[in-house]
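Biologist: I'm new to this one, could you walk me through it?
Modeller: Gladly, here it is.

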Amino acid sequence: MTCKILIVYHSQSGNTQKMAQKAVDGARAIEGVDAYLKRAAEATLQDLLSCHGLVIASPEYFGYMSGMIKDFFDRTYNDARGKKEIFKKPYAVLISAGNDGTGALNHIERICLGYQFKKIMAPVMAKGPVNREVLDQCETLGKTIAAGCKEGIY
Ligand SMILES: Cc1cc2nc3c(=O)[nH]c(=O)nc-3n(C[C@H](O)[C@H](O)[C@H](O)COP(=O)(O)O)c2cc1C
């Protein structure tokens with residue numbers, strides 16, 4: 001069976017998109033894994049139910065996640081809640097911020113608790129321009145969640 005990793009992201013000026021793309025590249029480097037990138041505005045309940053692992057990538061806007069990431073949660077929560085496909089779904093977070101990022105992260109993690117997803121690793125938090133080091137961390141995060149899901153260790 002192919003293991004599916006979904007990377008849901010929003011990005012206005014491209015920083016979060018670069019991070020999300022690197023996570024996809026990392027996940028795709030693992031044999032037997034199909035990783036796909038979806039803009040939050042286009043991501044559906046079906047995407048969420050059918051993936052084996054989830055990466056949420058958001059900029060911090062006004063001390064919160066981007067409105068489109070919140071919209072994705074708003075649109076899927078009621079129908080996803082309580083479903084066996086959702087329970088303990090492994091997830092990880094990428095945040096791009098100007099100088100902070102903790103507001104976005106804390107609110108995302110709180111919502112993920114509501115879904116009963118399982119946090120499987122520390123987030124990647126980029127402050128300021130997205131540099132090589134951040135992109136390497138995103139790639140590693142993608143590889144890690146993909147390899148773990150494929151091996152069924154979560
Ligand atoms: C409307 C708006 C609000 C922002 N609010 C914050 C904030 O509260 N904290 C912060 O650290 N950066 C803030 N920033 C900076 C962004 O988080 C940062 O530029 C990020 O890299 C944008 O990601 P993107 O290129 O994927 O859109 C804000 C930017 C915008 C456009």
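Biologist: Which residues does I5 touch, not counting those up to four places away in sequence?
Modeller: I5 touches A27, V33, D34, A35, Y36, G53, V55, I145, A146 and C149, where contact means heavy atoms within 4.5 Å. Keep in mind that this is a predicted model, in which local features need pLDDT of at least 70, side-chain atom pairs count only at pLDDT 80 or more, and totals for chains, interfaces and linings use all residues. Residues are numbered from 1 along each chain as its sequence is written, and side-chain values use heavy atoms, with hydrogens and water left out.

Biologist: Is I5 buried or exposed?
Modeller: I5 is buried, with a relative accessible area of 0%; buried means under 20% relative accessible area, exposed over 50% and partly exposed in between, using a 1.4 Å probe and protein chains only.

Biologist: And where is I5 found?
Modeller: I5 belongs to strand β1, which covers residues 3–9; strands here are DSSP runs of E with at least two residues, helices are runs of H or I with at least four, and both are numbered from the N terminus.

Biologist: Switching topic, how many helices and strands does the chain have?
Modeller: The chain has five helices and seven strands, and from the N terminus on their order is β-α-β-α-β-β-α-β-α-β-β-α.

Biologist: What share of the residues counts as buried?
Modeller: Of the 154 residues in the chain, 49% are counted as buried.

Biologist: And what box do the C-alpha atoms fill?
Modeller: Along the principal axes, the C-alpha atoms of the chain fill a box of roughly 40 × 35 × 25 Å.
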